[in-house]
Amino acid sequence: MAKKKVEQPGSLDKDQLKQNIIHHLRSTLGTSEEKASRQSWWKATCAAVNEQVYERLTQTQQTHLKQDTRAVHYLSAEFLMGRLTANNLHNLGLYETSGAALKELGIDIADLCEEEPDMALGNGGLGRLAACFIDSLATLNLPAIGYGLHYEHGLFRQEIRDGRQIERPDSWREYGNPWEICRPESIQEIPLYGYVETVFGEDGKMKKVWHAGQKIKGVPWDIPVVGYEGKTVNILRLWESRASEFFDWDVFNAGGYIDSQAEKAQAETISKVLYPNDESEAGKILRLVQQYFFCACSLKDIMRRYKRAHGSDFSKFAEQIAIQLNDTHPTIAIPELMRILVDEEELDWDAAWAICYKVFSYTNHTLLPEALEKWALYLFERVLPRHLEIIYEINRRFLEDLVEPKWPGDDAVKAKLSIIEEGDVRKVRMGNLCVIGSHKVNGVAEIHSKLVKEDLFPEFAALWPEKMCNVTNGVTPRRWLLSCNPELAKLYTDTVGAEWPLKLDLMRGALKHADDAAFQKQFMDIKRANKEKLVKVIKAETGIDVSAEAIFDIQIKRLHEYKRQQLNLIHIMALYRRLLANPDYDMHPRVFIFGSKAAPGYKLAKDIIYAINKVAERVNNDERIKGKLKVVFMPNYRVSLAEKLIPAADVSQQISTAGYEASGTGNMKLAMNGAITLGTLDGANIEIAEEAGAEYNAIFGLTVDEVKAVKAKGYNPWDYYYANPEIKAVLDWMDTDFFTPGRPGELSSIKRALLDGGDTYLALADFESYSEAQKKVDALYRDKQAWAKAVIVNSATMGKFNSDRSIQDYADYIWYLKPCSVA
Ligand code: H2P
C-alpha cells in the first residue's frame with residue numbers, strides 16, 4: 001500500500017526548506033554553513049519550521065476568536081514535554097523532507113535532534129500525560145490552552161556515582177529555547193500575603209478588600225502545540241515569576257548591593273524549580289505560592305480573554321470556559337475564581353458558585369494519601385488570607401446545605417468531608433475542595449476510578465453519584481510510535497494504511513497477519529534492529545556490553561516502593577543465585593534494564609537505586625554465569641531516553657501492588673511497541689490485558705481484593721521469609737558484603753523495609769507468583785513463533801490507549817467541547 005504523505009496548507013518542499021534553514025542560519029543565528037555548530041543548525045532548522053508553526057498558530061487563534069469558541073484550560077503543575085523538534089516535524093508532515101534537506105547540507109537529522117535538551121517540567125506519568133493530552137487536543141482541533149509554570153530548572157539531572165544517585169540542576173533553556181515565545185503584552189500582576197479589610201460600599205453592601213503585602217509579575221511564555229497534520233496549533237502558556245521592580249534603587253545607592261536585589265531573588269524563586277523540597281516551612285510556603293501564582297496568572301488570562309468578547313456579562317462564562325484541574329496542585333483556582341467573581345466582579349455568592357461548579361473538573365491520579373495535598377491552615381492564611389475566608393464559606397454552605405440534610409447530626413461524616421481538618425495543626429484539604437467545587441471528578445483507569453468512588457471518596461459519591469467518572473489514560477501514538485519507532489510505524493503504514501496515527505484502532509488490521517511467518521519476521525527484525533541500536537546506547541552511557549540476543553526486560557518509571565523495583569531486584573538476585581548454584585540453569589539470556597529517578601528526599605528509593613547498581617556491577621562482571629544475566633541502570637531517565645528504550649523492549653515490567661498504580665502509561669507505550677506485559681492486575685494493565693488477551697501477557701500476583709484481604713487479615717512478611725528459602729537467602733545476602741566488598745550491610749535497608757518495616761507493598765507475598773510469571777516469559781520467548789504472535793497481538797490491540805480517545809472522552813462527558821476546524 002502506498003504511503004500517504006501528511007499534507008497541510010503551506011507545506012514546504014525540500015529545496016525551500018533547505019533555503020530557509022540556510023537563511024535562518026545566516027540571518028537569525030548570525031553564522032554560516034562553514035562554521036555553524038550543530039546547535040546552530042538545530043536552531044536554524046527550528047526557526048525554519050517555526051515559520052510554518054507561527055502561521056498556523058495565528059490562523060488558529062484568529063479562527064477561535066472569530067468563532068468565539070468554548071475552550072478548555074488545562075491547569076497542570078507539570079508538563080513533561082521532552083524534546084519538540086522531531087515531534088513537531090512529524091506532526092507537520094515535514095520530518096522526511098527536513099531529513100532530506102539536512103542530508104544535503106551534510107547533517108544527519110537524528111543527530112540534530114539530539115542537540116535539543118529535554119523540557120523536563122514534570123516528574124513522571126502525570127506530567128507526561130499532560131503533554132500527551134495537549135498534543136491530542138490540538139490534533140482533534142479542540143480549542144485548548146495548557147497552563148503551567150515556566151520552571152527555570154526542570155526535574156534534576158541524575159548522575160550515578162559509585163552506584164548512588166546524585167542530583168544536578170537541569171537547565172533546559174540555558175542557551176535559549178527556539179520553541180518558546182515571550183509575551184510581555186500579556187504580563188499579569190499577582191498579589192500575595194497582606195490582610196483583608198471589610199468595607200461598606202455606598203450601597204450599604206459589605207465588601208472584602210484584600211490588601212496584598214507583595215505583588216509578583218507573571219511573564220507568559222508560549223510553546224506552540226502542533227496537532228498532527230498541523231491544522232490546529234494551540235499553545236502551552238507557562239508563567240515565569242519576576243519582581244515588580246528590578247531592584248531597589250535607593251537601597252542600592254546606599255551601598256546595599258545585595259539587599260537591593262532581595263525582592264528580585266525572592267520573586268524569581270517562585271518559578272525557579274519544579275517541586276522544591278518542602279520539608280521546611282519555607283519550602284511549604286514556596287509550593288503553595290507556586291500553585292497560587294500560576295493559577296492566578298492563568299485565571300487573569302482567561303478573564304481577560306472572556307471580557308474581550310463578553311464584557312462584564314458573566315452569564316456566558318460557564319458556556320465558554322472549562323477548566324481541568326490536573327491533580328490537586330491547581331485546586332486554589334477554585335477559591336480564586338470565587339474571589340474574582342464575588343470581590344472584583346461583584347456577583348452574588350450563589351451566582352458565582354453556580355459558575356465555578358460548572359467550570360471546574362478534577363482528575364485524581366493516585367490514591368496514595370501523601371498526594372492529596374493538605375496545607376497547614378496558619379501558613380495558608382499568611383499567604384492567602386482572603387482565600388481562606390472564601391474556603392470557610394464554601395465549607396460552611398457545603399456542610400449545612402448538603403451534608404447535614406443527608407446525614408443529620410452525624411459529626412463524624414462532617415469531620416471527614418470538611419475542607420478543614422481539625423487537629424493540633426488545622427489543615428486545608430485540597431482534595432475535598434476539588435471534589436466539592438467540581439462538576440466531575442475522574443480517575444484515570446477503570447479500576448482506579450472505582451476505588452476513587454468506593455474507597456477514597458465514598459461519601460462524596462453518595463452525595464453526587466453522577467459526579468464520579470472514569471477516563472482511562474492514553475498516550476499519543478505520534479510521539480510514542482510514529483516518531484520513536486519509525487520502522488515499526490512504516491510496517492503499520494504498509495499493512496493498514498497511513499491513517500493509523502489518528503485512528504489507532506486501525507492497527508488491529510495487523511492481527512490477521514499475527515500468525516503469518518513473513519509478517520512475524522518483519523516485525524521481529526524491526527525489534528531486533530531497535531535492540532541493536534539500544535545496545536550501542538547502553539555501551540555509550542554505561543560502558544556495559546549486552547547482547548541483542550538476550551531478552552530485553554525493562555522497568556522504567558519513577559522509583560517508588562509501590563512500583564516495586566525492589567521486587568524486580570530480589571528476583572534478579574534469585575536468578576543470579578540459581579545460576580551460581582547451577583551454571584547450566586536453563587534460561588534464555590536476559591538483560592534487565594532500569595531507568596528511574598528517586599525523589600531527592602526519599603531515602604529508601606535512593607537505596608534501591610544503589611542496590612540495583614551494586615548488584616549490576618557484580619553480576620555483569622561475573623564470568624561464571626557466562627553472560628546469561630546482565631543488569632543495566634540507565635542514568636538520567638527522561639522522555640528522550642524513553643524514546644530509545646521503549647522500541648527495544650521485549651518485556652514491560654508493570655509490577656505495582658494491585659490497587660496502588662492508578663493507571664500507568666508506560667505500560668501502554670511498551671505494549672504498543674511490541675512488548676509483553678509482565679504485570680499485576682492493577683491500573684490500566686487490566687484494560688491492556690482485556691484488549692490484548694491475558695494469554696498473550698504474563699499476569700501475576702494478588703488482585704486488588706486479595707491485597708485488601710491479606711492486609712485485613714494481618715500480613716506478616718516474616719512468614720514468607722521463613723517459608724521460602726530463596727527469599728531468605730536473597731535478603732540475607734543484602735546483609736553481607738558480597739555486592740559491596742568491604743562494606744557489609746550497605747544494602748540492608750531494603751531487607752529491613754521488607755521485614756521489620758512490614759513490607760507495605762507486599763513484595764514478598766507476590767514474589768513466588770512473580771517468579772513463576774518470569775519463567776513463563778522465558779519459555780514463551782524460546783518459542784519464537786508464539787512470542788512473535790504475542791507481541792504483534794499486544795501492539796495491534798492498543799488502539800484504545802490513544803490519548804485522542806481519552807481526550808474525546810473528556811470532551812464528550814466532562815468538558816462538553818466541540819472541535820473547531822481551522823482553515
Ligand atoms: C501518576 C500515577 C500513574 C498515572 C499517571 C497519569 C501520578 O503518575 O501514579 O498511575 O498513570 O499519574 O495519570 P506517575 O506515578 O507515573 O508519576
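Predicted model: local features only at pLDDT ≥ 70, side-chain atom pairs only at ≥ 80, totals over all residues.

Biologist: Which residues of β21 sit on each side?

Modeller: Arg590, Phe592 and Phe594 are on one side, while Val591, Ile593 and Gly595 are on the other. Both faces are covered, as all of these residues are buried.

Biologist: How many bridges join β20 to β21?

Modeller: There are 6, and strand β20 (residues 551-556) runs parallel to β21. Between β20 and β21 the chain goes through helix α22 (residues 565-581), in a right-handed β-α-β crossover.

Biologist: And what about β22, parallel or antiparallel to β21?

Modeller: Parallel, with 6 bridges joining β21 to β22, residues 629-634. Here valine 591 stands opposite lysine 630 in β22. With helix α23 (residues 603-620), β21 and β22 make a right-handed β-α-β unit.

Biologist: Now the ligand. How many residues surround it?

Modeller: 17 residues do, and the closest are Gly124, Gly125, His365, Ala662 and Ser663. Sort the shell by type and you get 4 nonpolar, 10 polar and 3 charged residues.

Biologist: Why does the ligand lie between domain 1 and domain 2?

Modeller: Because both domains give residues to the shell around the ligand. Domain 2 covers 529-801, whereas domain 1 is made of several segments, including 180-473.

Technical notes. Residues numbered from 1 in each chain as written. Near = placed C-beta within 6 Å. Nonpolar A, V, L, I, M, F, W, Y, C, P; charged D, E, K, R; others polar. Domains from an automatic or database assignment. Buried ≥ 20, exposed ≤ 12 C-beta atoms within 10 Å, placed from the backbone. Helix = DSSP H or I, 4+ residues; strand = E, 2+ residues; numbered from the N terminus. Pairing = 2+ DSSP bridges. Right-handed = clockwise from strand over helix to strand, strands pointing away.
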